[in-house]
Amino acid sequence: MSRWVKAASVLLIAGGLGACIGGPDGGPRATRGAPIAEATAADPQATSPGATKIGAGSVKIALILPLTGPGSTVGAAMRNAAELAIEDFQKPDLQILVNDDHGSPDGAREAAQAAVGEGAELVLGPLFAANVQAAAGVARGAGKPIIAFSTDASVASRSVYLLSFLPQTEVDRVVDESVAAGRRSFAALIPESSYGNAVEAQFREAVARKGARLVAVERYPPGAPAPAISRLAGLINGPGAQADALFLPESPEGLATVAPALTKAGFSPGRVKPIGTAVWNDPRVYALPALQGGWFAAADAAGFNGFSQRYQARFGSVPPRVATLAYDAVSLMAALTRQYGSQRFADPTLTAQAGFSGIDGTFRFRPEGLSDRALAVYEIRSGAPTIVSPAPRTLGPSGT
């Protein structure tokens with residue numbers, strides 16, 4: 001609790017409330033194989049069919065999650081995380097109306113309608129991009145802001161904020177750190193997917209913004225990288241390689257094919273540094289020879305590790321990585337309610353330039369709905385990740 005109160009106090013001292021956290025969205029990044037607690041027992045004081053309450057405060061907010069249907073395992077864990085946040089904050093003046101969207105746009109629309117009808121001042125969730133769009137239509141019509149958990153930047157807009165691990169932020173951070181370390185020429189090997197489309201655009205922009213050189217970008221059908229690697233070979237292999245960094249925004253499953261193909265083609269990570277996004281944060285990736293010495297950007301794991309221990313003690317199971325999003329969202333609502341009175345959920349309050357401190361570090365919302373996060377840069381060394389650039393405590397100007 002103290003971290004949230006401190007963050008809110010810093011905003012008050014700073015004076016001015018100005019602007020400034022998967023793949024695009026097939027859904028959340030859940031930890032493979034991790035058991036997840038099912039939803040806790042329903043509160044007997046249900047507010048509408050399918051809805052339950054957490055807390056008994058006077059300020060009502062909605063939490064829309066897939067508690068049945070696609071994504072229900074992750075949704076249940078995020079619901080648990082919200083309950084943990086209320087407990088940790090010691091009875092904030094909040095009442096969370098938990099509504100099940102059944103993992104569908106129609107369900108999200110109905111859940112948002114129910115929440116607005118019950119007096120919710122703000123909506124947390126949904127999880128999936130199409131569901132965010134459906135709920136946003138209802139919330140926007142009622143003049144209520146949304147803080148959603150989708151990783152698809154296209155669903156963000158004014159008053160529809162994304163509290164998620166956006167790949168665009170990860171691309172910016174790893175490119176920035178690579179240039180700072182002296183890497184000036186970049187190549188990229190990118191899968192033909194929605195995730196690849198999103199990160200390619202951001203990668204090109206980040207390289208150009210830092211004044212670095214883009215040597216080549218090659219795309220490949222998922223699971224078939226060999227022809228693209230062959231086209232890149234002369235630029236990334238041997239002492240005469242033109243690129244000194246290779247961007248590989250691929251999942252652990254995809255890298256299991258890409259990395260051996262790179263090694264077979266003569267790629268040496270000692271000469272050309274592999275770089276990637278937080279999807280690399282997986283033991284299967286750490287073991288790949290072609291990625292030793294590689295860098296990726298991700299939230300500092302220390303916060304999640306502490307949260308995970310508390311979650312396991314409370315619910316008896318390991319939470320998915322995205323559970324912290326629900327915890328941080330509810331904690332933020334509790335802090336803003338305590339600090340800002342009637343302006344607690346106003347756009348200028350939510351887009352405070354100083355941002356907020358959460359489990360996963362400092363973050364802030366931009367006026368257009370995207371978010372900035374303070375991320376660490378990790379290096380894969382001898383099969384394990386090591387922080388080479390810690391996450392900053394404060395955020396610089398957005399888009400720099």
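1. Let's begin with a term: a nonpolar core is a set of buried Ala, Val, Leu, Ile, Met, Phe, Trp, Tyr and Cys residues joined through side-chain atoms within 4.5 Å. Buried here means under 20% relative accessible area, exposed means over 50%, and partly exposed is in between, with a 1.4 Å probe and protein chains only. With that in hand, the largest nonpolar core holds 104 residues, and L124, L189, L246 and M333 have the most contacts inside it. Helix α11 gives this core its largest share, twelve residues. Another core lies apart from it and has 24 residues, including A111, V123, A136 and V155. As general background, nonpolar side chains tend to be buried together in soluble globular proteins.

2. A word on what you are looking at: this is a predicted model, in which local features need pLDDT of at least 70 and side-chain atom pairs count only at pLDDT 80 or more, while totals for chains, interfaces and linings use all residues. Residues are numbered from 1 along each chain as its sequence is written, and side-chain values use heavy atoms, with hydrogens and water left out.

3. Now for α11 itself. Helices (H or I, at least four residues) and strands (E, at least two) are DSSP runs, numbered from the N terminus. Helix α11 covers residues 323-340, 18 residues in total, and reaches 26 Å from its first C-alpha to its last. That is close to the expected 26 Å at 1.5 Å a residue, where the expected span is 1.5 Å times one less than the number of residues. Of the 18 residues of α11, 16 are buried, so the helix is largely enclosed by the rest of the structure. After α11 comes G341, with a positive phi near 55 degrees.

4. What does L246 touch, leaving aside neighbours within four places in sequence? Contact means heavy atoms within 4.5 Å. By that rule L246 is in contact with A187, A188, L189, L232, I236, L262, F267, V272, K273, P274 and I275.

5. Helix α10 (residues 301-315) is worth a look too. It has 15 residues and reaches 20 Å from first C-alpha to last, close to the 21 Å expected at 1.5 Å a residue. Which residues of α10 are buried? They are F304, F307, S308, Y311 and F315. These cover an arc of only 110 degrees around the axis, which puts them on the same side of α10; the arc is that of the directions from the helix axis to the C-beta atoms. On the other side of α10, A302, Q309 and A313 are exposed. The cover over the buried residues of α10 includes α2 and α11.

6. On to the rings. Rings of Phe, Tyr and Trp (its six-membered ring) pair if their centres lie within 6.5 Å; planes under 30 degrees apart count as stacked, over 60 as edge-to-face and the rest as tilted. The count by this rule is eleven aromatic pairs. One of them is Y161 with F365, tilted, at 5.4 Å centre to centre and 40 degrees between the planes. This pair links distant parts of the chain, 204 residues apart: Y161 is in strand β6 (residues 160-162) and F365 in strand β13 (residues 361-365). Y161 is buried at a relative accessible area of 0%, and F365 counts as buried at 0% as well.

7. The rings of F304 and F307 have centres 6.2 Å apart and planes at 40 degrees, so this pair is tilted. F304 and F307 are three residues apart in α10, which separates them by about one helical turn. In general, an α-helix has 3.6 residues a turn, so residues three or four places apart point the same way. Ring pairs also link F304, F307, Y311, F315 and Y327 into a cluster.

8. Some backbone details to check. G125 and P126 are joined by a cis peptide bond, with omega about -5 degrees, and P126 lies in the loop between β4 (123-124) and α4 (129-141). Q90, a residue other than glycine, has a positive phi near 60 degrees. Q90 sits in the loop between α2 (72-88) and β3 (94-100) and is exposed, with a relative accessible area of 55%. S159 has a positive phi as well, near 70 degrees, and lies in the loop between β5 (146-148) and β6.

9. Lastly, E177. Not counting residues up to four places away in sequence, E177 touches W295, V377 and S389.
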